[in-house]
Amino acid sequence: MSAVTPLPQERRLVTAIPGPKSQELQARKLGAVAAGVGTTLPVYVTRANGGVLEDVDGNSLIDFGSGIAVTNVGNSAEAVVARASEQLAAFTHTCFMVTPYEGYVAVAEQLNELTPGDHDKRTALFNSGAEAVENAVKIARAYTKRTAVVVFDHGYHGRTNLTMGLTAKNMPYKQGFGPFAPEIHRVPVAYPYRWLTGAENCAAEAAAQAIDMINKQIGAENVAAIIIEPIQGEGGFIEPAKGFLPAIVEFAKANGIVFVADEIQTGFCRTGQWFACEDEGIVPDLITTAKGIAGGLPLAAVTGRAEIMDAAHAGGLGGTYGGNPVACAAALGSIETMKEQDLVGKAQRIGEVMLGRLRAMQEKFDVIGEVRGRGAMVAVELVKPGTKEANTEVTAAIAKACHAEGLVVLTAGTYGNVLRFLPPLVMPEHLLNEGLDILEAAFAAA
């Protein structure tokens, strides 16, 4: 078993970004990979750990993306590599539905313990976030014997047919791919920055509007599940105004509706808590997880109240690769790393540094309309100065400038005007500040 070789935690540029070898590989990609599979920054990575990515040209880039909130424990975390390597040498697959293995059970036990609430829980494992959300809908429908599903403006839940229907944003996720699954209903979310009567009215008014729409247009008695991200990811890191989520949870509970927290992007210490819904003391009936669960290996889960999870008939949940033994081993290593290295505390510290620096930038650059986020899930929304009109051009320009200087950043937002930052939770603070220096210089030059 080979040990992890740590990479120097430094930014190093030896070619333009992307370099010649990456450009050669990108040419091969264009000739071999479907055009619909886009690439944010075509630098081809050979090694990564801590807070850096090393590419084929020898450049070392600062990673503010974590593979979209996946490598919370960093790339090639020692416990992940050790456990996954040991499992890889033992066996790679049997299918848990055919001949099971302990790793799946151990991951389920960990999730039952870690997720909010002290009620009796059960877990089922899958491959991707979209699969987890689909199965949460199946489970909720089996339990309630109802069909309608309620989701929210600006929400993102995946790229399969059902989860495209659940997702709010058309381009690039839905355009040309319909028709979508029926019985999906969308209601307003409490988006403080863009609430017309002001952030102070946002929670109460948005909750009242959402509940009124459910009652009048669907009928609460027909709703199987209400699904929401506690902080909306692709929608632009929108944190619903305080009080909105508890009001929706209360309504769901009063009407026998399964409340599903989609924590696929927010889970596993990312927001400075194990799960983002803990912030307002919310205990979901079901919680979906993926991304940060297994240090980069494909794994997802639905965890929830035992009586709800057990409503699906035997054989009704599963999948050939769901809870793959190597991915389960990696998840156990990832959870071990989160606990031993206090990644909840590290995410909180990253948030302190980033929010402080970004709010100082907001004072200097009037293109920054809002700074928001929790822990190591932070974003800035860019607008045309003096307005709240989305500034997509500057957003793209800032991202491009950061990429050229060796800083990986991601964009997001329903209006395409949000820069989002998701550094690995193990990132050294000097790299975090260097990345913010690059970002500040990009704003100064914009």
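Helices (H or I, at least four residues) and strands (E, at least two) are taken here as DSSP runs, numbered from the N terminus. Under this scheme Arg357 lies in helix α11. The model is a predicted one, in which local features need pLDDT of at least 70 and side-chain atom pairs count only at pLDDT 80 or more, while totals for chains, interfaces and linings use all residues. Residues are numbered from 1 along each chain as its sequence is written, and side-chain values use heavy atoms, with hydrogens and water left out.

The side chain of Arg357 makes a polar contact with the side chain of Asp437, at 2.7 Å. A polar contact is a pair of N or O atoms within 3.5 Å; within protein, one must be able to donate a hydrogen and the other to accept it, and residues adjacent in sequence count only if both atoms are side-chain atoms. When neighbours within four places in sequence are left aside, Arg357 is in contact (heavy atoms within 4.5 Å) with Asn433, Leu436, Asp437 and Glu440.

A nonpolar core is defined as a set of buried Ala, Val, Leu, Ile, Met, Phe, Trp, Tyr and Cys residues joined through side-chain atoms within 4.5 Å. Buried denotes under 20% relative accessible area, exposed over 50%, and partly exposed the range in between (1.4 Å probe, protein chains only). The largest core has 125 residues, of which Phe64, Ile226, Phe244, Leu358, Leu439 and Phe443 touch the most other members. Helix α11 (residues 343-364) supplies the largest share of this core, nine residues. Apart from it lies another core of eight residues, including Met377, Ala379, Leu410 and Val418. In soluble globular proteins, nonpolar side chains tend to be buried together. Phe244 touches Phe152, Pro188, Val189, Ala190, Ala203, Ala206, Ala207 and Ile228, residues up to four places away in sequence not being counted.

Aromatic side chains were examined next. Rings of Phe, Tyr and Trp (its six-membered ring) pair if their centres lie within 6.5 Å; planes under 30 degrees apart count as stacked, over 60 as edge-to-face and the rest as tilted. Eight aromatic pairs occur in the structure. In one of them, the ring centres of Phe268 and Phe275 are 5.3 Å apart and the planes stand at 65°, so the pair is edge-to-face. Phe268 is buried, with a relative accessible area of 1%, and Phe275 is likewise buried, at 0%. Phe268 is found in the loop between β8 (258-262) and β9 (286-289). The C-alpha atoms of Phe268 and Ile293, 25 residues apart along the chain, are separated by 6.5 Å. Beyond four places in sequence, Phe268 touches Asn72, Leu111, Trp274, Phe275, Thr289, Ala290, Gly292, Ile293, Met338 and Leu425. Elsewhere, Phe91, Phe96, Tyr101 and Tyr104 form one aromatic cluster.

Two lysines are placed over aromatic rings. A charge sits over a ring if NZ of Lys or CZ of Arg is within 6 Å of the ring centre and within 35 degrees of the ring normal. The charged end of Lys174 sits over the ring of Phe180, 5.5 Å from its centre, and Lys388 lies over the face of Tyr193, at 4.4 Å from the ring centre.

The structure holds zero disulfides, a disulfide being a pair of cysteine sulfur atoms within 2.5 Å. For Cys277, the nearest cysteine sulfur is that of Cys269, 13 Å away; Cys277 is buried, with a relative accessible area of 3%. The sulfur of Cys328 is 12 Å from the closest cysteine sulfur, in Cys95, too far for a bond. Cys328 is buried as well, with a relative accessible area of 0%.

Backbone geometry was considered last. Most residues other than glycine have a negative phi, and most peptide bonds are trans. A cis peptide bond joins Ile17 and Pro18, with omega about -5°, and Pro18 falls in the segment before α1 (20-32). The bond from Met171 to Pro172 is also cis, with omega near 10°; Pro172 lies in the loop between α6 (161-166) and β6 (184-187). Phi of Ser66 is positive, near 50°. Ser66 is located in helix α2 (residues 66-69) and is buried, at 0% relative accessibility. Phi of Asp342 is near 50°; this residue, in the loop between α10 (325-340) and α11, is partly exposed, with a relative accessible area of 45%.
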